[in-house]
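Please have a look at the structure first, and then read on.

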Amino acid sequence: MTERYEVNDEASFQTALIEVRTNLAQTGFNEIQAAKFLTAVSELARNILKYAERGWLEVTPIHHLNRSGLQVDAIDFGQGIDDIEKAMSEHYSSSGTLGQGLPGAKRLVDEFDINTSPQGTTVRVRSWV
Ligand SMILES: Nc1ncnc2c1ncn2[C@@H]1O[C@H](COP(=O)(O)OP(=O)(O)O)[C@@H](O)[C@H]1O
Ligand SMILES: [Mg+2]
């Protein structure tokens, strides 16, 4: 069952992250796994605020064989990323910040996938307990 959390200002950003943290604990992630995943999701949610102003997180429990995990889709209808390869490279930022968000997030999760077009962006991350 998917739960959806709006991200459109600092308060909703914080609420969404708290909900993801609760889901991680319920799924059975340990503290370190949970912190890594939450850091990745935090970067994606920051990017939503920064580049698209608004969007949402969709949080879905996932199962494969005897494993459990969590999937988060960070979704927005912003202008999209025109050069994914550049956006995924270390230190590239279109806004003069650190440019570590996307490549950093990718390192912190088990699965990472971006779909983007001029109509918006969805970044899907998954990790397994
Ligand atoms: N949701 C998004 N919508 C549009 N562009 C994005 C989005 N997320 C990331 N980007 C683009 O990808 C670049 C790299 O993102 P990131 O690694 O998080 O670095 P930073 O946010 O510090 O610039 C951003 O500078 C921006 O151009
Ligand atoms: Mg960023």
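## The pocket and its ligand

With eight residues, H2 gives the largest share of the lining of the largest pocket. Please keep in mind that this is a predicted model.

The volume of the largest pocket comes to about 710 Å³. Its lining counts 30 residues, and those closest to the pocket centre are Asn47, Tyr51, Ile81, Ser94 and Leu102. By residue class, the lining splits into 12 nonpolar, 11 polar and seven charged residues.

Where does ligand 1 sit? The largest pocket is its place. The shell around ligand 1 holds 19 residues, and Tyr51, Ser93, Ser94, Thr97 and Gly99 are the closest of them. Helix H2 (31-52) and helix H4 (101-108) each bring at least two residues to this shell. Sorted by class, the shell has seven nonpolar, 10 polar and two charged residues.

Which N or O atoms of the protein pair with the ligand?

| Residue | Protein atom | Ligand 1 atom | Distance |
|---|---|---|---|
| Asp76 | side-chain N or O | nitrogen | 2.9 Å |
| Gly101 | backbone N or O | oxygen | 3.2 Å |
| Leu102 | backbone N or O | oxygen | 2.9 Å |

How much of the area that ligand 1 exposes when taken alone does the protein bury? Ligand 1 by itself exposes 530 Å², and the protein buries 93% of that.

Two names in the table are worth a second look. Leu102 has a backbone atom 2.9 Å from a ligand oxygen, and Leu102 is also among the residues closest to the centre of the largest pocket.

Note on methods: Residues are numbered from 1 along each chain as its sequence is written. Chains are lettered from A and ligands numbered from 1 in the order in which they are written. This is a predicted model: local features need pLDDT of at least 70, side-chain atom pairs count only at pLDDT 80 or more; totals for chains, interfaces and linings use all residues. Side-chain values use heavy atoms; hydrogens and water are left out. A residue is near a molecule or strand if one of its heavy atoms lies within 4 Å of it. A polar contact is a pair of N or O atoms within 3.5 Å; within protein, one must be able to donate a hydrogen and the other to accept it, and residues adjacent in sequence count only if both atoms are side-chain atoms. Accessible areas come from the Shrake-Rupley method with a 1.4 Å probe; for residues, only the protein chains shown count as cover. On a 1 Å grid over the protein atoms alone, a cavity is a set of points where a 1.4 Å probe fits but cannot get out, and a pocket is an open set with protein on both sides within 12 Å along at least five of seven lines; lining residues have an atom within 4 Å of a point. A molecule sits in a cavity or pocket if more than half of its atoms lie within 2 Å of its grid points. Helices (H or I, at least four residues) and strands (E, at least two) are DSSP runs, numbered from the N terminus. Ala, Val, Leu, Ile, Met, Phe, Trp, Tyr, Cys and Pro count as nonpolar, Asp, Glu, Lys and Arg as charged, and the others, Gly among them, as polar. Grid points are joined across faces, edges and corners, and a volume is the space filled by probe spheres set on the points.
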